[in-house]
Amino acid sequence: RAISTIYALRVKFRRTGSVQDLLRRPRRKVTTYRQDRHMVVSHLRNRFETSVTTARATIGRNGRPITSQTVRRRLKNVGLRAYRPAKCPILTERHRRDRLTWARRNVRLTRADWAAVLFVDETRVKLRSPDGRTRVYRRRGERFAQNCVVEVDRFGGGSLMFCAGISMNTKTPIVTIDGNLTARKYQEDVLLPIIIPHIHANRRMALAQDNAPCHAARATQQLLRNHNIRLVQMPAKSPDLNPIEHLWDLLKRRVRALPQQPNLLTLSQDINRVWTNIGQHEIQQYVASMRSRCRAVIAANGGHTCY
């Protein structure tokens, strides 16, 4: 340490008997209590208002606008922080009412009741789908350096659609669909060769599917009636009520952890391999949460839930 530091500590000890820092008067805040309350109320009323906008509209004690950092500090004191917003489907009043009615009707179903339901859904996987949460550590001025840039295709380099079904104790093979899933493809490539034989092999099993056009088509509904398939119709705009949605997320995360696929054929092979390796115990925890999902919808009065 510098000699001046030791000298200053000795002088302080002779005067006060301690080397601890003396109590100081806190610096005067640049905003008043009413301005602090106004900032908090303003951001509670409009959760998407930025700190920069609030700072420009607030004049401090010094007669000048305050900084956005000051606004963030005031909001942090009351527990308000900036997070990424959750992305959920648009819910109208009819959607909320239908979701609430469905949840109230099924909230008393037991785990054994849900074990007799086969949840079927489809998902699209892009060949190159960058993770929006990726971060890069770089210096100032290195934004466009080759090792700091993520190169992406405008349309993801092509994509494939996959369809499958899960239940408490079983899962169906995953079906690869090239292009969009039409009602005819859904009937010929999914229902007839995979889903209907699987349901007939497991008696008392019902089919749960959403209101996608290929599911709600008259020909699809007639095909299910002809094969005596008991249907559990899910409410519209309710991915949080279908446990297979969480399985799709798990599948995509595991595929992204693999080396980048050069073409769609390799992507399809990786998807099939990862799907085969997903354990049934992982599926059971998603299906077993159906009662909790219904309770969450009821608590949200038909609105969005954490699922």
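**Close-ups of a predicted model**

**View 1. F13 and its greasy neighbours.** F13 sits in helix α1, residues 3-16 (helices are DSSP runs of H or I, at least four residues, and strands are runs of E, at least two, numbered from the N terminus). With I6, L9 and V19, F13 makes a nonpolar surface patch of about 340 Å². F13 is partly exposed at 48% relative accessibility (buried means under 20% relative accessible area, exposed over 50%, partly exposed in between, with a 1.4 Å probe and protein chains only). Patch members have over 30% relative accessible area and no salt bridge, with nonpolar side chains (Val, Leu, Ile, Met, Phe, Trp, Tyr) joined within 5 Å and like charges within 9 Å. Areas come from the Shrake-Rupley method.

This is a predicted model, where local features need pLDDT of at least 70 and side-chain atom pairs pLDDT 80 or more, while totals for chains, interfaces and linings use all residues. Residues are numbered from 1 along each chain as its sequence is written, and side-chain values use heavy atoms, without hydrogens or water.

**View 2. R99 meets D240.** Their side chains form a salt bridge at 2.9 Å, N to O (a Lys or Arg side-chain nitrogen within 4 Å of an Asp or Glu carboxyl oxygen). R99 lies in helix α5 and D240 in the loop between β5 and α10, so the pair ties together parts 141 residues apart in sequence. R99 is buried at 1%, and D240 is buried at 8%.

**View 3. D270 and R273 in helix α11.** These two form a salt bridge, with the closest N and O atoms 2.5 Å apart. They are 3 residues apart, about one helical turn. D270 is buried at 8%, whereas R273 is partly exposed at 43%.

How values were computed. Accessible areas come from the Shrake-Rupley method with a 1.4 Å probe; for residues, only the protein chains shown count as cover.
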